[in-house]
Amino acid sequence: MNKPNVLVVEDDAPIRNLIVTTLKTHDYKYLVASNGTEAILEASSYNPDVVFLDLGLPDIDGIEVIKNIRSWSNMPIIVISARSEDYDKIEALDCGADDYLTKPFSVEELLARLRVTIRRLSLMNKDGNIDETEYINGNLRIDFSAGCAYLNNEELKLTPIEYKLLCLLANNTGKVLTHTFITGKIWGRSWDNDTASLRVFMATLRKKLEAGPDSPQYIQTHIGIGYRMMKID
Ligand code: CA
């Protein structure tokens, strides 16, 4: 993909300028919007590759912008939240946002989030869609038709729930999945007990998957929010 086009939605001019300057310096194309109505208009008119979306907008809530865009597009949305409460980020992710940045953020963080998202995009675009029979990421391979996962060509001895969990994360590589989303998909409901169970299953899955449990390569933890499968280069 050459020169991704990034839509920046932010009503705060200094922050908007910081993002735009960063994008310009790093050779990205960009569009800007300073409220939710403009954001929806720009997104539908120009179909950008990635959207940076501030949640606190003057006209409509950022969450409504996500819902609107998600009703017709899967374009990656990275939420920017000034609010420190995890609740907003979780709601945004559950409404279909892909990732988040918390204000104040550094230019490095901004670029890192953008790189993860663009890797995810190129992964999806490579063959037009994600291969439905096999998943390969670094040394991890999942054979969906056989229902088996392999690390360095050795079969991982996974329980049915660990396998389900691994497939769910793999099918959403690069995207932050919330506890509620994961437990809803695994157990078909989401109670506090399920989040506690999820932690246990995630710990055992990681013990089998990660070489160093203290430096996970595949599954990234977002404390209080959820987990993400990283794309390994
Ligand atoms: Ca704002």
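At 11% relative accessibility, histidine 179 counts as buried, where buried means under 20% relative accessible area, exposed over 50% and partly exposed in between (1.4 Å probe, protein chains only). The model is predicted: local features need pLDDT of at least 70, side-chain atom pairs count only at pLDDT 80 or more, and totals for chains, interfaces and linings use all residues. Residues are numbered from 1 along each chain as its sequence is written, and side-chain values use heavy atoms, with hydrogens and water left out.

- Histidine 179 is part of helix 7; helices (H or I, at least four residues) and strands (E, at least two) are DSSP runs, numbered from the N terminus.
- Not counting residues up to four places away in sequence, histidine 179 touches Thr195, Leu198, Arg199, Gly224, Ile225, Gly226 and Tyr227, contact being heavy atoms within 4.5 Å.
- Helix 7 packs against helix 8 at an angle of about 85°, and their axes are 10 Å apart; axes are lines fitted to C-alpha atoms, for helices over the stretch in contact, and angles run from 0 to 180 degrees between N-to-C directions.
- That angle makes helix 7 roughly perpendicular to helix 8, a class that covers 65 to 115 degrees, whereas under 35 counts as roughly parallel, over 145 as roughly antiparallel and the rest as oblique.
- On the helix 7 side of this contact are His179, Ile182, Thr183 and Trp187, which meet Asp194, Thr195, Ser197, Leu198, Arg199 and Phe201 in helix 8.
- Isoleucine 186 also lies in helix 7 and counts as buried, at 7% relative accessibility.
- The contacts of isoleucine 186, leaving aside residues up to four places away in sequence, are Ile161, Lys164, Leu165 and Leu168.
- Between the C-alpha atoms of isoleucine 186 and leucine 168 there are 8.5 Å, although the two residues are 18 residues apart along the chain.

**Nonpolar cores**

- The largest nonpolar core has 26 residues, and those with the most contacts inside it are Leu140, Ile142 and Leu166; such a core is a set of buried Ala, Val, Leu, Ile, Met, Phe, Trp, Tyr and Cys residues joined through side-chain atoms within 4.5 Å.
- At least two residues of this core come from each of strand 7 (140–143), strand 8 (148–151), helix 6 (160–170), helix 7 (179–187), helix 8 (192–209) and strand 12.
- Helix 6 gives the largest share of this core, seven residues.
- A second, separate core has 24 residues, among them Leu31, Ala43, Val65 and Ile69.
- Isoleucine 142 touches Thr133, Glu134, Tyr135, Cys148, Ala149, Tyr163, Leu166, Cys167 and Ala170, not counting residues up to four places away in sequence.

- Five strands make up an open sheet with parallel pairing, in the order 2-1-3-4-5; two strands pair if DSSP finds at least two bridges between them.
- Strand 2 (29–33) and strand 5 (99–102) are the edge strands, each pairing on one side only.
- On average, neighbouring strands of this sheet are turned by 20° against each other, direction ignored.
- Strand 4 (residues 77–81) runs parallel to strand 5 and is joined to it by four bridges, with valine 79 opposite tyrosine 100 in strand 5.
- Helix 4 (residues 86–94) lies across strand 4 and strand 5, at about 155° to strand 5.

**Antiparallel hairpins**

- Strand 6 and strand 7 pair in the antiparallel sense over four bridges, and asparagine 137 has leucine 140 in strand 7 as its bridge partner.
- Two residues lie between strand 6 and strand 7 in their hairpin, and glycine 138 in the turn has a positive phi of about 60°.
- Strand 6 (residues 134–137) has Tyr135 and Asn137 on its covered face and Glu134 and Ile136 on the uncovered one.
- Strand 11 (residues 219–222) and strand 12 (residues 226–229) run antiparallel and are joined by four bridges; glutamine 220 has arginine 228 in strand 12 as its bridge partner.
- The hairpin of strand 11 and strand 12 has three residues between the strands, and glycine 224 takes a positive phi near 80° there.

**Calcium site**

- Asp11 (OD), Asp54 (OD) and Gly56 (O) are the protein donors of the calcium ion, 2.2 to 2.3 Å from it; donors are N, O and S atoms within 2.8 Å of the metal (3.2 Å for Na, K and Ca), and water is not among the atoms, so sites may look incomplete.
- Along the chain, the donors of the calcium ion follow the spacing D-x42-D-x1-G.
- Aspartate 11 lies in the loop between strand 1 (5–9) and helix 1 (13–25) and glycine 56 in the loop between strand 3 (50–54) and helix 3 (62–70), so the pair ties together parts that are 45 residues apart in sequence.
- Aspartate 11 counts as partly exposed at 33% relative accessibility, and glycine 56 is partly exposed with a relative accessible area of 39%.
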